[in-house]
Amino acid sequence: MPTVRYATSPLLASRTPSWRAKFLVALVGIGFAVLIGRAAWIQIIHNDFYLQQGANRYERRIELPANRGRILDRNGEILASSVPAPSLWAIPKDVEASDQQLRALAKLLDMTPAELRKRLDGNPNFVWLRRQVDDAVAQKVADLKIKGIHDIKESRRQYPEGEAAAHIVGFTNIEDQGQEGIELAYQKQLLGRDGERRVIKDRLGRVVESVGDLIPADDGRDIRLSIDAKIQFYAYQRIRDAVALHKAKAGSVVVIDAVSGEVLALANVPSYDPADRRNLTGAQLRNRALTDTFEPGSTMKPFTISLALETGRVKPSTVIQTAPGRLTIDGATISDSHAHGDLTVEEVIQKSSNVGTAKIALQMQPREMWEIFTAAGLGQKPQIGFPGVVTGRLRPYKSWRRIEQVTMSYGYGLSASLFQLAQAYTVFARDGELIPVSLLKRDSDEQPERVRPLAVRTGFRSDDGDPAADSARQALADPVPVKGRRVISPETAREVRKMLAMVIGPGGTAPQAQAQGYSVGGKTGTAHKQEGKGYAGNKYRSWFVGIAPINHPRIVVAVMVDEPGDGVYFGGAVAGPVFAQVVQQTLNRLGVMPDLEVQPRITAAPAVEESFQ
């Protein structure tokens, strides 16, 4: 093989131009400069993105959930609170279990094996098995030692008062979002704000160290209601028993402190358990005292009479001829349940005479009646910040026909909720002032302007001698009066209160409403239920709205029973006894001393039945 002599090669012997070497050096230099610039851009100038990408691979953000605020009654008793509850989840692709283990797991989760397999056949990376289970269930699941099944701590709401306070407190869904009641109305205040902790985790998910600043959770605010849990429970029991006794469709009761305007109880039947809503129906969910409207019937007569007294058209002793118990106006006939003949204005209320009320109403202008009804809060939504509150119906007076003016004088042709009626009767309890009502407890520092209290200040000692209990009850007994809006004069209010007391006494329509040991007054109401454009012939609503004690009013109580089905339907007989029981228990709880000697409870039928159309 011939030897190549490189020294004599013409190709190697040729001279290379110097610019080529310089060009190559320049290219290399430029390349290094680009690399250095790019490195500076990444490492110094624009490093946020890459730092974040790096942090995402080792840094984790642990959410620090805020505790949802509690709902308390006026004395600090818990109505709703959050408790830890484990939730079970799975990574289906990692699940390794025998048929026996799956059957045991399905039984613990209250589902069939087929339902469990269907759930595990979904998303291969994550699926909820059962959220917010009992600790005992979570422990039994853990004891099965099934790979791929995990648990996480969440919080679950508990409601100690159960169905008694359900329509006030409401409930949350599985995500802790308020759905009804106070839980919904004060969702923002109760929810709070979650915190955050940044940590470094190793490949096994273990926390190595914390990085950055800790952002603490801001727990939700506690909401203190005006409700008294004991009064609420007792009111619920009494209306529940009345609904069962009279085979009624439903019932409601409202108790308002006539001094402070605080709602002490609001109960409905049927109700539900907020913690167990699996079979919840719409009928159970309805907060009837606030959402259902009806024609208030004879409970409107005191307002018509108070207007006549206020304008000087009549006096309590003025005689009204009601014979023969019927009155025809514009072709329509109204009637009383009995022919009464001559009645004084006081007796018109006592006997609940439609004819007497109608004759008094015809002396007034529609505008005057509309103004006093409006001033008493009818046709207006109660300002209590509660979901579902209704306005009721009160048509403009310019559209009233003569017969409509007459029927409205005794409560037909307009509508109101039971809560609106209860608030309206504070006009008589507070010497002519309509007071604002509240579902939240009013503190003394929220009421800078004190007015003369109408309730008697009382002193007492708790049975167990507990100073804390004494202090709580003294706060109940001596509330801060709230300022109201003048509707009628104090003199007129006191005259009407006297008439309301006659309703309970001999010859009245509601002797069953007399409370043991306390003077009371009120007005019965009975009305046919509306169905479509007419009235159901055999369906009634029965109610009673009253005040106690009558001379120094402390509370207003309104009771309604819907569709009593045992043949008894007059308000005095159906709602009156509930009123009496609730009044007695509430005033005792408030520490109000009895103002009457205890007498055997009246059980006889009323001397006269109320009139209704």
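Trainee: Two strands pair if DSSP finds at least two bridges between them. How many bridges join strand β14 to strand β15?

Mentor: There are 4 bridges between β14 (residues 326-329) and β15 (residues 332-335), and the two strands run antiparallel. Helices (H or I, at least four residues) and strands (E, at least two) are DSSP runs, numbered from the N terminus.

Trainee: What kind of model is this?

Mentor: This is a predicted model, in which local features need pLDDT of at least 70 and side-chain atom pairs count only at pLDDT 80 or more, while totals for chains, interfaces and linings use all residues. Residues are numbered from 1 along each chain as its sequence is written, and side-chain values use heavy atoms, with hydrogens and water left out.

Trainee: Back to the hairpin, then. Which residue takes a positive phi?

Mentor: D330 does, with a phi near 50°, in the hairpin of β14 and β15, which has 2 residues between the strands. On the strands themselves, R326 stands opposite S335 in β15.

Trainee: Changing topic: how many salt bridges are there?

Mentor: The count is 33, where a salt bridge is a side-chain nitrogen of Lys or Arg within 4 Å of a carboxyl oxygen of Asp or Glu.

Trainee: Which residue forms a salt bridge with E183?

Mentor: The partner is R68, with 3.1 Å between the closest N and O atoms. This pair links distant parts of the chain, 115 residues apart: E183 lies in helix α8 (residues 181-185), and R68 in the loop between β1 (59-64) and β2 (71-72).

Trainee: Are E183 and R68 buried or exposed?

Mentor: Both E183 and R68 are buried. Buried means under 20% relative accessible area, exposed over 50%, and partly exposed in between (1.4 Å probe, protein chains only).

Trainee: And what does R70 form with D222?

Mentor: R70 and D222 form a salt bridge, their closest N and O atoms being 2.8 Å apart. R70 is in the loop between β1 and β2, whereas D222 is in the loop between β9 (207-215) and β10 (223-224), so this pair too links distant parts of the chain, 152 residues apart. R70 counts as partly exposed because its relative accessible area is 34%, and D222 counts likewise because its value is 32%.

Trainee: Where are E491 and R494?

Mentor: They sit 3 residues apart in helix α21 (residues 490-504), so about one helical turn separates them. E491 is partly exposed at 46% relative accessible area, and R494 is partly exposed at 39%. Elsewhere, salt bridges that share partners join R430, E433, K483 and R486 into one network.
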